[in-house]
Amino acid sequence: MKVTLWGTRGSIASPGPDTLRYGGNTTCVSVQGSDGTLLVLDAGTGIRNLSQTLSPVLQRVHILLTHLHMDHIEGLPFFSPLNNPGVSVTIFGPASTTLSLKARLMRYLSPPLFPVSVRELLSDLRFYELPSVTIEIGEFSVTSQLVMHYNPTLGYRIQGPNATLTFLPDHNPALGVESFPTSKDWTSGYDLAEGADLLIHDAQYTDEEYQARIGFGHSSMSNAFRFAELAGVKQFVPFHHDPTHSDDMLDRTFEDVCEVMAPQFDVTPAKERMIFEL
Amino acid sequence: MSQKEIEVILSRHLAEYLAMPIFIVDPNGDLVYYNEPAEIVLGHRYVDTGSMPASEWSTIFHPVDLDGKPMQSEEHPLMIAISEQHPAHKRFWIKGLDGNQRQLEVTAIPLIGQAERFLGAIAFFWEVAE
């Protein structure tokens, strides 16, 4: 599988001279299978750049939303296949007890928040709500599970023919835990991440910032490293960078955290347009 | 190793921060967690026992109803919440490990997760002052 990072930033897009290397677009990752299967993980502002690289003869795409916070859906109406009558688009996302996934997305994709409504889109558009299940999409086996974040949020484990990717962009498994990590069976997201070849995981805050943001649903960098270690992953990609963190600051911070944590796995902080071949 | 569902993990976090005894059982009725105040009722520490089968925890404190008749495990509010998947409430006596009889009120609620997933039940215990 080919994994491409189109948006690595959390909370709000933060373009500018200070974020050129890590990127300013919000969460979006594409996963391309050798059989042509295309998965898009979240639809932050990064999805617009992905659109521009897609083949004009694309027929089918699957968008897997972890949750519906704006930084994960705000690029959706700018994803050009949605307005192409020749394309079948399936949007997966967390279930709700009150409103369908389509109805919840329509709150954003309708006037006055956006000029075009869902029913005006020209693609063959379908919505599919995911609880904790495994589904087959092309060559991929995709497992979803609810994880610890603010509002119901899914994490994904994508098993390809040769490797496993785990995507937990917004996740705080340490919430409510006195000393993290605790046992594996009581750790949010563990089953999704266990032994993954590549873990893309929330590492939004420095340890100092985290103390003032407990309950915001995001991980400190150190706790993200601890989670990766607990899960026994092979490569860890710190992700969902805070919009206030500049490139230079992220360079320094990840260097410091790696020195302190001494991880036994590869660490590759997420940068926009970074590609992983698994 | 099967990780607990997030709703169960969150229920445990809530229980850890509350001062009343709380039990959490899985869909089979097996006790997967009890908090520190519940350790006093049960007479065991969670760190020592870990999870416990339904047959063990439901009889360990010799519950009897208000008429003094021994309660069957299926009469326990937690087991009703599991088997019938609706809330249950009961007042009954237990014999603590210290040998003292205690009258308890127990309210059990099934845990229904997102997408109607049945995840077990949670019970709140309340000691009735005499």
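I began with strand β9 (residues 153–159) of chain A: 6 of its 7 residues are buried, so the strand is largely enclosed by the rest of the structure. Buried here means 20 or more other C-beta atoms within 10 Å of the residue's own, with C-beta atoms placed from the backbone. Strands are DSSP runs of E with at least two residues, helices are runs of H or I with at least four, and both are numbered from the N terminus.

A note on what I am reading: this is a predicted model, where local features need pLDDT of at least 70, side-chain atom pairs count only at pLDDT 80 or more, and totals for chains, interfaces and linings use all residues. Residues are numbered from 1 along each chain as its sequence is written, and chains are lettered from A and ligands numbered from 1 in the order in which they are written.

Next I looked up the partners of β9(A), where pairing takes at least two DSSP bridges. Strand β8 (residues 140–147) runs antiparallel to β9(A), joined by 7 bridges. I found A:L146 bridged to A:L154. Their hairpin has 5 residues between the strands, and A:N151 takes a positive phi near 80° there.

On to strand β10 (residues 164–168), which is antiparallel to β9(A) with 4 bridges. Here A:Y156 has A:F167 as its bridge partner, and 4 residues lie between the two strands of this hairpin.

Last, I checked two helices. Contacts (C-beta atoms, placed from the backbone, within 7 Å) bring A:M221, A:S222 and A:F225 of α6(A) to A:T253, A:V257 and A:M261 of α7(A).

How values were computed. Buried ≥ 20, exposed ≤ 12 C-beta atoms within 10 Å, placed from the backbone.
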